[in-house]
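Subject: Structure for your files, with notes

Dear colleague,

I am handing over the structure below, followed by an account of what was found in it. Please read the notes with the model open beside them.

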Amino acid sequence: MHFRPVARCLALAQQFRGPWSRSFASSSSSFFDSVGIRYTAMAGLNQSTDASPRPGHGDGVTLADLPKSWHFTASLPPDPLFPTPADSHKATREELGPRQVRGALFTWVRPETQQDPELLAISPAAMHDLGLALSEADTDDFRQTVVGNKLYGWDPDTLSGPGYPWAQCYGGFQFGDWAGQLGDGRAISLFEATNPRTGRRYEVQLKGAGMTPYSRFADGKAVLRSSIREFVVSEALNALGIPSTRALAISLLPHSRVRRERMEPGAIVVRLAESWLRLGTFDLLRARRERALTRRLATYLAQDVFGGWHTLPGRIDDPSDQAQTLTPPRNITSETLQGPQGTEENRFARLYREVVRRNAATVAKWQAYGFMNGVLNTDNTSVLGLSLDFGPFAFMDTFDPAYTPNHDDALLRYSYRNQPTIIWWNLVRFGEALAELFGAGPDVDSPDFVETGPTETTAPSIIARAEDIINRAGDEYKSVFLSEYKRLFALRLGFRPESPLPTTDIFDILISPLLDILTDLELDFHRFFRRLSTLPLTDLATDESRRYTASRFFDSDDSSAFNKDDTRRERLADWLSLWRERIVADWTGTTGVSDSNSDNKDLLPELDAERMAAMKRVNPNFIPRGWILDEVIRRVEHEGERDVLKRVLHLALHPFEDSWAGREFDGVLYEGDRDEEVRWTGSVPRAKRAMQCSCSS
C-alpha cells in the first residue's frame, strides 16, 4: 500500500481497524517500518507551568494556609475492608496488605514514619505553580510533610478530620500482557492543593513513602538513584512545554537502605498532578466487570477532573481532516447526542475522545524533543495525557529511531519510533473499557441499560457503534498527532507560526529527509537543532560556505570518517541549501525562492537575528541526558555533594538559555559552575551515548 509522505507517518486508522480484537504484534519491527519511514515527531499543547511572573522568596502562601481538599476520596468508593480513615489508622501494616482490593478505587493508608530526613532540593517552579512561598522550604513543617511525618487534615488523637492519605487501585497491560491488579505500591497521596492565585488544583503525592495494599512483592520504597532521575526529568519536561507530572521536593532517608540490584539509599519524591488516574484504572474495572464503578469513575473524570461535560470536544464530521480536528466544537450539554442514527456520540464518546486527543498531542511532543518513557504500559498512561511514572526514560543522543532506553525491552516495543503506535494501542484498551457506555448511544441513561447493561438483543448495535467511535477516534488521534508533529518541527526548524509555506511542503522537503540524514550520519538530535539555531544565513550563501558549515554539525570526537567524508558533508550541505531557501521565503513572506537566485537572497541582519532568537526559544541548550544524571547521582550518593543536584535542576528549569552561571534569574544572581555547564551542553562522550537502564527503582 502506498501512502503519501505525511500520511505514511501515522496511518494508525489502518493499523487498528477492528480495534477490539487486534493486539500488538510482538515484533522488533514497528508499524512505521512497514510503511517505509524513518520516524520522528513533534511537540506541544500547553506548558503546565503557570505563565504569571515568578514570585520572590516570600511570595506565595504557607503550607498551613494552602487550600486543601480530598475530592477524590469523597467522590469514589474506598477499600471495603477499611471503609474509614479511622479503620485504616488503627490497622497494622500487615493487616493493610498487600492483597487484592475489589469494589474500590483506593485504600486509606498512612505513610511510614521517617527518621532524620534530609531535604535535598526543591523545585522553585513547582513551588510557584502550587502557590507556596519559597521560604516554606526552610520550615520544619515543610520538611516533615514532604516525607509523610506530618499529616494535614487528620487528628490522630481523635481519629477524625476532613481527610486522610490514600493509595489508588488500578491494573494494567504490561508489555502487552494483562498484569491484573497493580496500584500505588509505593505512592501515597496526601491531599489535593489549590493554588490560591490560579485556582489550579493538584493532587500531592509521596513516592517511596512505604507499603500499601498494592505493594505486591515489593517494599514500598524508592531509591535515591531513581528519585533523582524522576525529580529532574519531571521538571525538565514541563520546562520544555511537554505535559508532565511535577516534582516538588526530594528528600534523602539516611536510615533507609533498599535492596535492588545492590543496596542503595532510600529517598522520597513529592509529586504533583492534576489527577493521577491512569488508563489502567479503567482496565482493572473492565477486567473485573465492575460496570457501575466504571460509569461512576468516568463521570468523576469528566465532571471533577476535566471540569464538566461541557468542556469535552464535540463530534467532528471528518476526524481525518486536520483543519477540523484542531478546533472541535465544545460547550456541548451532557444530554446532547451528535451524529447520524446508529453512530450517535453521547457524552462518554466525547470523554473518550478528550483522553485520546490529549495523549496524541503529548506523544507528538515526546517525538519532537526526542523523549522516551521506556515503559509505556497502560498503568503508566495518564488520562490527562501527562508524562507519567519515570523509570528507564531517556532523551535521544545520536538519532536512532530504534533506540529504547529500557534494557529489558528486547523486542523494542517501547522504542522511540513505536511510542505513537503504543499509546494508540493503550487508548484502544481504554476504548474497550468505556465501549459499553459510548456504544449504548442514546440508551446510555435508560434504566434498563443502567441496571443490566447490554442484552442479547442490544449487543450487536452497541458493538457496532463502539467500533465506529473507536475507529473514528483513531483518525482523530492521527490528525492531532500530525498537526502537532508538523507544527512543532516547523518551529524547531525556524519557521514562523504564521508561515505561508504549506506544512506538507516543509515536511516532505525538509523534515523527512533531515531525519534520514540524522540517522545515517549519526548526528546528535538535540545539538543539531541548537547549532542550527545559532547559524546565520550568511554562512550558507554559497556552495563552498555550505560545505564548510556542514562540518560544524559533526562532533569533534566522532570518527574521522564522519568528519572528513565529503559525501556526508555534501549531503548535509544540500539539505542546508534547501532549508535556507525556504527560511528566506518564509521570513520574507514569499511563496518560494528560485534555485537560480537563491545565492542572492538573504534576510536582513535584524530579521535573521529574530529568526535565530525564535529558534533558541524552542531548541534547548540543555537536556538532562542519561550520562549527566548518572554523574549527578554518583556525586550526590557517593561523594556527598548537594549543590550539584540544585545546579542540574536549575539548567533543567531554564533549558533554552545560552549560559547560566553569573546571570540573574527571577531577580537573584545564580552563581552556577561555568565549566560544568560547558561540559553538560557539549558533545556526549561516545561511550555514554544511548545508555540503557532497568525498571528497578
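In α10, Arg-295, Ala-298, Thr-299, Leu-301 and Ala-302 meet Arg-347, Phe-348, Leu-351 and Val-355 of α12, where contact means heavy atoms within 4.5 Å and where helices (H or I, at least four residues) and strands (E, at least two) are DSSP runs numbered from the N terminus. The residues of this contact of α10 with α12 divide into 6 nonpolar, 1 polar and 2 charged, with Ala, Val, Leu, Ile, Met, Phe, Trp, Tyr, Cys and Pro counted as nonpolar, Asp, Glu, Lys and Arg as charged, and the others, Gly among them, as polar. The axes of α10 and α12 come within 11 Å and cross at roughly 65°; axes here are lines fitted to C-alpha atoms, for helices over the stretch in contact, and angles run from 0 to 180 degrees between N-to-C directions. The crossing of α10 with α12 is left-handed, a term used if the near helix is turned anticlockwise from the far one by less than a right angle, with right-handed used if clockwise.

Please keep in mind that this is a predicted model, in which local features need pLDDT of at least 70 and side-chain atom pairs count only at pLDDT 80 or more, while totals for chains, interfaces and linings use all residues. Residues are numbered from 1 along each chain as its sequence is written, and side-chain values use heavy atoms, with hydrogens and water left out.

Helix α10 (residues 291-305) also packs with helix α9 (residues 279-287), their axes coming within 9 Å and crossing at roughly 160°. The two helices α9 and α10 are therefore roughly antiparallel to each other, the cut-offs being under 35 degrees for roughly parallel, over 145 for roughly antiparallel, 65 to 115 for roughly perpendicular, and oblique for the rest. This crossing of α9 and α10 is left-handed. On the α9 side the contact is made by Thr-281, Phe-282, Leu-285 and Arg-286, and on the α10 side by Leu-293, Thr-294, Leu-297, Ala-298 and Leu-301. Sorted by class, the contact of α9 with α10 has 6 nonpolar, 2 polar and 1 charged residues. In the loop between α9 and α10 lies Arg-289, which has a positive phi of about 55° although it is not a glycine. Arg-289 counts as exposed at 73% relative accessibility, given that buried means under 20% relative accessible area, exposed over 50%, and partly exposed in between (1.4 Å probe, protein chains only).

Two further backbone details deserve a look. Ala-690, in the segment after α24, is a residue other than glycine with a positive phi, near 50°, and is partly exposed, with a relative accessible area of 42%. The peptide bond from Gly-97 to Pro-98 is cis, with omega near 10°, and Pro-98 is found in the loop between α5 (93-96) and β2 (106-108).

Turning to the aromatic residues, the count comes to 33 aromatic pairs, where rings of Phe, Tyr and Trp (its six-membered ring) pair if their centres lie within 6.5 Å, and planes under 30 degrees apart count as stacked, over 60 as edge-to-face and the rest as tilted. The rings of Tyr-352 and Phe-430 have their centres 5.7 Å apart and their planes at 45°, so this pair is tilted. It links distant parts of the chain, with Tyr-352 in helix α12 (residues 347-368) and Phe-430 in helix α13 (residues 419-439), 78 residues apart. Both Tyr-352 and Phe-430 are buried. Phe-622 and Trp-680 form a tilted pair, at 6.4 Å centre to centre with 45° between the planes. Ring pairs also link a cluster whose members include Phe-399, Tyr-416, Phe-481, Trp-575 and Trp-579.

Helix α13 also holds Gly-439, which counts as buried at 0% relative accessibility. Not counting residues up to four places away in sequence, Gly-439 touches Ser-461, Ile-462, Arg-465 and Ala-466. The C-alpha atoms of Gly-439 and Asn-346 are separated by 8.6 Å, although these residues are 93 apart along the chain.

For the chain as a whole, the secondary structure comes to 24 helices and 15 strands, and buried residues make up 60% of the 697 residues. Among contacts between residues at least 6 apart in sequence, 74% join residues at least 24 apart.
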